[in-house]
There are 2 protein chains.
Amino acid sequence: MKPFADLSRFIYPVNVAVVGASARPSSQGGRLYENLVRHSRIRGKVYAVNPAYCEIGDAPCWPSIRELPDGDIDVALVIVNAARVLDTLRQCAERKIPYAIVMSSGFSEAGDAGRALENEIAQLCRDTGLHVYGPNCPGFVNVRDRIGMTFSPAFRHDLNAGCIGLATQGGGLGRNLLQGLSHGQGVGLWFSAGNEVDLEIPDFIACMARDPQIKVIGLLMEGVKDGRRLTAALDLARECGKPVVVLKIGHSEAGVRAAQSHTASIAGSAAINSAVFRQFGAIEVDDLDQLLAVTRLLAMGAPKAGSGLCIYTFSGGTAALATDIAGMANLPMAAFSDQTHATLKSLLPDFANIANPVDTTADILRDQDAANDCLRVICNDPHVGAVLFPIPMDYGDVTDGIAQSIIDVSRATATPIVPVWMSRRMGGGFQLLEQHGLQPFMSVSTAIAALSRIWPSAGMQPSSAPTSEDAEHGSSASEGPDPARQQLSEAQSKALLKQAGFPLPLSEVAISAPQAARAAARIGFPVVMKVVSSDIVHKTESGGVHLGIDSEAAAAAAFDSICAAVAQAAPAARIEGVLVEAMLPAGGREVLVGVHRDAAFGLVLTFGLGGIFVETLRDVAHRMIPLQRQDARNLLHEIRHTAILEGVRGQPPGDLAALEDLILQVSAFAERHADTLLELEFNPVWLGPVGQGAIALDALIVTSGHQEARAILETDANP
Amino acid sequence: MKPFADLSRFIYPVNVAVVGASARPSSQGGRLYENLVRHSRIRGKVYAVNPAYCEIGDAPCWPSIRELPDGDIDVALVIVNAARVLDTLRQCAERKIPYAIVMSSGFSEAGDAGRALENEIAQLCRDTGLHVYGPNCPGFVNVRDRIGMTFSPAFRHDLNAGCIGLATQGGGLGRNLLQGLSHGQGVGLWFSAGNEVDLEIPDFIACMARDPQIKVIGLLMEGVKDGRRLTAALDLARECGKPVVVLKIGHSEAGVRAAQSHTASIAGSAAINSAVFRQFGAIEVDDLDQLLAVTRLLAMGAPKAGSGLCIYTFSGGTAALATDIAGMANLPMAAFSDQTHATLKSLLPDFANIANPVDTTADILRDQDAANDCLRVICNDPHVGAVLFPIPMDYGDVTDGIAQSIIDVSRATATPIVPVWMSRRMGGGFQLLEQHGLQPFMSVSTAIAALSRIWPSAGMQPSSAPTSEDAEHGSSASEGPDPARQQLSEAQSKALLKQAGFPLPLSEVAISAPQAARAAARIGFPVVMKVVSSDIVHKTESGGVHLGIDSEAAAAAAFDSICAAVAQAAPAARIEGVLVEAMLPAGGREVLVGVHRDAAFGLVLTFGLGGIFVETLRDVAHRMIPLQRQDARNLLHEIRHTAILEGVRGQPPGDLAALEDLILQVSAFAERHADTLLELEFNPVWLGPVGQGAIALDALIVTSGHQEARAILETDANP
């Protein structure tokens, strides 16, 4: 592997030469020269090189690198026609100039001829040891030492130096980051090396990893040229304790195409890139806002391990919204210490919310001292790792005062306070925060997503799909135990549902081993046997289920074995018998069809993958009852893994028509019993191949009371 | 169901009374009165009511509602102490005032006494037909008719009327939305009814659905009080062709708590709410930025069905980034018509990108006419449904000119142009756009997420996890066919890997039916039989696999049956024999362990769920080779559904230690053959319960050539 280049003389040169310097201020050569002689603090000399001039301004201009006077030159800046670049670089190599920045375009980005030129430059670098930065790039900016080896007219505004180091493969987006970091913690060094013929992103990472003033490294990459050098550089950054935040363009196929036509590098597969970033400890983000946000937060300092977030605002809705978004991002919320709680109670009015999120209400904020005290006591709480302060609107004096509080308290605490200015009206409070380097975030979502990326042990676990979080059945039960709830036994439920016309397998209840053997023979082998008991919810765990019983003797043995296992696992449970049931052929898929009562919307039907998948995949969808056929059809396609039902890898397609029928049948049944039914669940439903139907293997009914259970049993027994 | 209230006299009243009007300008009563008499256009009279004053300013003040002079009053605005509210409302009912807005707080949000008061108000409404809006709310704002029945000092700035209707349960966040819509399409009506004792969100939805000037309805909800009324109102909005965008706070458990303590309504389960919104055609969003963005886009008009997005910018990196984000959001990209293509080719320089995304490069933008022509021809292309114009930085004259182009072209086209001002530096271009009502978005991600929500048939399908998009194996093959690639047959692969020490089931290759029968007997029943042929990749689909063979006769029959099926399915395939293999007990889980070569990072190991799950769940994770034990351990927990391996619902835990060993063994083998190995895949790997190991049921090796295949065969045969 090619070693990382030593860039110390590059980033802070003494003498530089500008090849292509121009007296025309609007030309790139003119702007570059002006950036160096007027806006930069070059310690040594800036040599102008251009055969067209004898002097530029008051300074002499030389016809070529070769003809420059003696003396060490650290960096040659080259902004001449692509055809003249190679000769210029040869002269640099002859004069032992260690680095050249080639800003000219017309290389590999422009086609085959340019690519050939670029190959010759690469060869020259290998042969001579010359290091080339570029071509086709906006140059290099050292903000902290005020050195702008760039033609950008915006360089003169790059005044906000800080501990953030940037390496970007695109100049435009790099400039965006610089403008985004123009208040608060700023950028120290910005590398943007275009086609990267020689010096590459890994060289810049390594340079910044070893730089004592750089604390955080931000990367914007369009492709990975050399994976081993990249990972070695990431490793070095990790060893040096410098967090790396990376935005890699090229997630989608369309994005990959655009990246390839823009640079000459190889856009690797997105999943592999992401895995490598994770493996080497880099924080990968999805967009520019996140790159800025995470980098800025890291520059403020990461929250301490074990701490939680405090959400602090003066609007109840805003508190709820931010808490919600933080919850979805798995951010831990801080529990206040008793002391914090007591102090807040003394400071805030009775109706304010003293739990976390803190809703101070707007009134308290009119007393600046009390407002500062509140915020200060929270920042000093050891359980609080950071304070998110969303400000939903510009509210004149009130929000000006909030800004002042944040500024005052920030000075005296190490706990980061993260203000979010949510309004589009950039009022006085916004200006005040920005002027004091506490540049507010502009979106609660962006701030929270960034916090979740840097919070110790938060946010890294992949969250399950948002629609399935609350997919637990019987959630109405969480409102408190309802003594009237009446759960029918499996056997009762199945008997009832079979009479109501639902497709269920053949079955009988046996209360002795011989009876079980005879029942099994009548039903036909193989059979399944399951304990019947209203006291047992999880039959499998209690040893109450035997599968694949293929003889009368086995059925008799299973009866005894089930009774013994259940008696041991649940001594208090009353065993009402053992259900003997036809076993369906292997290869069917398992789904779930259920109904429960939602507090706001009444009976709701749930469909999804069943069996063990209910808990692992949590792949379900819902509809209010009653459903039309189109609703049932849509429901089948709303789950994430419909493909499993449709058949994959040679599996036959499932009998979706039968499944639709079953769903509509459940909907109609639930509607008929809307007054009394609390829950109904078929899980699993065996979904056979087309023509073989959908058969409910297990069933559960919960009603609002004993009478109601009886009513259902009676009315639907003879529908 | 309670019918929706007729709110026509409420939203545009003639005469109003202010109970609690005050002469102190800083009090709520003072601000409310001032908003009405000074900043509103009330067609009739504003009566001040307050026993403490005889007049306020030049106008008389009356001691009570009862003592007001004769005449119709449409709305009574009540801002007195909570204890005096009920009596005031009784007087309103006596005088047949149809509506009252109660802004006072101290009701259900303040505890049991307040809740009792609120119940009495509800009863009064039921008894008398009086409609009450509130209590505990900031009032009602009719921006378009300039009526501010609110105490908010910000009302005087609410000047940007438009076709958007808002109903929000929190006042602070509603104000945020109003400030966010202060340029471009603005808000016509804003309802924010606090505790909603009588008039509720569904009444406001219904009112706006029927209002001819409202085009889009935005909702911010903290809870659902009455699901049936809500869905009926959503139905009405759909019938009236008014899209509804909703942000429902309460996705996370923490969020639910905050919402309940803030309002007195019931926060339903998030999944059920989402399902209902989908069922009734409302567009649900996750945060305030999206609520604003989607509402604004809908006010501009939805893109036509079948059209695609054009991404148009002057920076290559920005084009790639935006295309990437659009691709991840499943937004369709427009393919330009031939005419558009030809026109662009004549207008843009050779090196500009004429495909979509369009990267004009910055230079062309200096010619304002050409820039306008480019943008115009794209907007006129019938395949283009909207143009996203991301502007990555403030670039002085250049970005001022861009803003002017967008303004000029927007006037002459129905195709929405969506500018995104990505920089934090709000330069002249930004100001210009905002002044002309083309309020730029501030984030590419936000704009694209919003576009994907309104694009016909885009974005609605749940996307699979981002890390698994490119999880296809053998992706290096997509670089083009490699004639030297050499795939070993399953039997060769297995023989080699068994000798290299990998755990594989007992197996033999048979080339006749009798031989198969004898092999099966030696191995022990049941066995699996699979065709051996390098020409067949998907053995199952070709009828080349038989499972569960339990006798010598069955094995002989399976041999013949496999040969016949394969000969029919793939007549050209050379059958080398049939593999007879021990069949592992049911109940094992299937995983995948594979290796492939990535262009940037070399050999990469993939682990994930196997069998049919490879394609359906796409639940995989990756690591560069070589792996340490900790890497292998982490890998097992990086997939989404680790729970399936750990055992759920009474399943025994899988043998994760054996799986770790297998992963490390694969890593070591791949490292040993790093020069020649292209792909290695064990799929499925049977993962038994703890102690029963992880056994590879199928194996595949691809090398870089025939010689290399032989070399692997020979070196690893005797390791």
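Predicted model: local features only at pLDDT ≥ 70, side-chain atom pairs only at ≥ 80, totals over all residues.
Figure 1. Leaving aside residues up to four places away in sequence, Asp158(B) touches Val141(B), Val143(B), Arg146(B), Arg175(B) and Leu178(B). Asp158(B) belongs to the loop that runs between β9 (147–150) and β10 of chain B. With a relative accessibility of 5%, Asp158(B) counts as buried, because the limit for that class is under 20%. Val132(B) is 26 residues from Asp158(B) along the chain, and the C-alpha atoms of the two are separated by 24 Å.

**Figure 2. Helix α6 of chain B and its cover.** Helix α6 (residues 201–210) of chain B is largely enclosed by the rest of the structure, since 9 of its 10 residues are buried. The buried residues are Ile201(B), Pro202(B), Asp203(B), Phe204(B), Ile205(B), Ala206(B), Cys207(B), Met208(B) and Ala209(B). Among the helices that cover them are α1 (8–11) and α7 (227–239) of chain B. Strands of chain B also take part in the cover, including β7 (131–133), β10 (164–168), β11 (187–192) and β12 (216–221).

**Figure 3. Asp203(A) in helix α6 of chain A.** Asp203(A) is placed in helix α6 (residues 201–210) of chain A. Asp203(A) has a relative accessibility of 2% and therefore counts as buried. The side chain of Asp203(A) makes a polar contact of 2.7 Å with the side chain of Arg229(A). Arg229(A) is also one of the residues that Asp203(A) touches when residues up to four places away in sequence are not counted.

Figure 4. Arg238(B) and Asp235(B) meet through their side chains in a salt bridge, with an N to O distance of 3.2 Å. The two residues are 3 residues apart in helix α7 of chain B, which means a separation of about one helical turn. Arg238(B) is partly exposed at 43% relative accessibility. Asp235(B) is also partly exposed, with a relative accessible area of 28%.

Figure 5. The side chains of Asp408(A) and Arg411(A) form a salt bridge at 3.9 Å, N to O. Both residues lie in helix α14 (residues 397–411) of chain A, 3 residues apart, or about one turn of the helix. Asp408(A) counts as partly exposed at 24% relative accessibility, whereas Arg411(A) counts as exposed at 62%. A search of the whole structure finds 50 salt bridges over all chains.

**Figure 6. Salt bridge between Glu434(B) and Arg424(A).** Glu434(B) and Arg424(A) form a salt bridge in which the closest N and O atoms are 3.1 Å apart. Glu434(B) lies in helix α15 (residues 428–435) of chain B, and Arg424(A) in the loop between β18 (417–421) and α15 (428–435) of chain A, so the pair joins two chains. Glu434(B) is buried, with a relative accessible area of 12%. Arg424(A) is buried as well, with a relative accessible area of 16%. Across the interface of chain A and chain B there are 4 salt bridges. A network of salt bridges links Arg278(A) with Arg623(B), Asp631(B) and Glu638(B).

**Figure 7. The interface of chain A and chain B.** In this interface, 106 residues of chain A are in contact with 105 residues of chain B. The two chains bury about 9,100 Å² between them, 60% of it on carbon and sulfur atoms. Polar contacts across the interface connect 20 residue pairs, both residues being at pLDDT 80 or more. Helix α11 (residues 316–328) of chain A gives the most to the side of chain A that touches chain B, with 10 residues. By residue class, this side of chain A divides into 44 nonpolar, 39 polar and 23 charged residues.

**Figure 8. Relation of chain A to chain B.** Chain A is superposed on chain B by a rotation of 180° with 0.0 Å of shift along its axis, at an RMSD of 0.1 Å. This is the relation of a two-fold axis. The same surface serves both copies, as 99% of the contact residues of chain A recur in chain B.

Methods. Residues numbered from 1 in each chain as written. Chains lettered and ligands numbered in written order. Heavy atoms only, no water. Contact = heavy atoms within 4.5 Å. Buried area = accessible area lost by both parts, 1.4 Å probe. Polar contact = N/O pair within 3.5 Å; in protein donor to acceptor, adjacent residues only side chain to side chain. Helix = DSSP H or I, 4+ residues; strand = E, 2+ residues; numbered from the N terminus. Nonpolar A, V, L, I, M, F, W, Y, C, P; charged D, E, K, R; others polar. Buried < 20%, exposed > 50% of the residue type's maximum accessible area, 1.4 Å probe, protein only. Least-squares fit on C-alpha atoms with pLDDT ≥ 70 in both.
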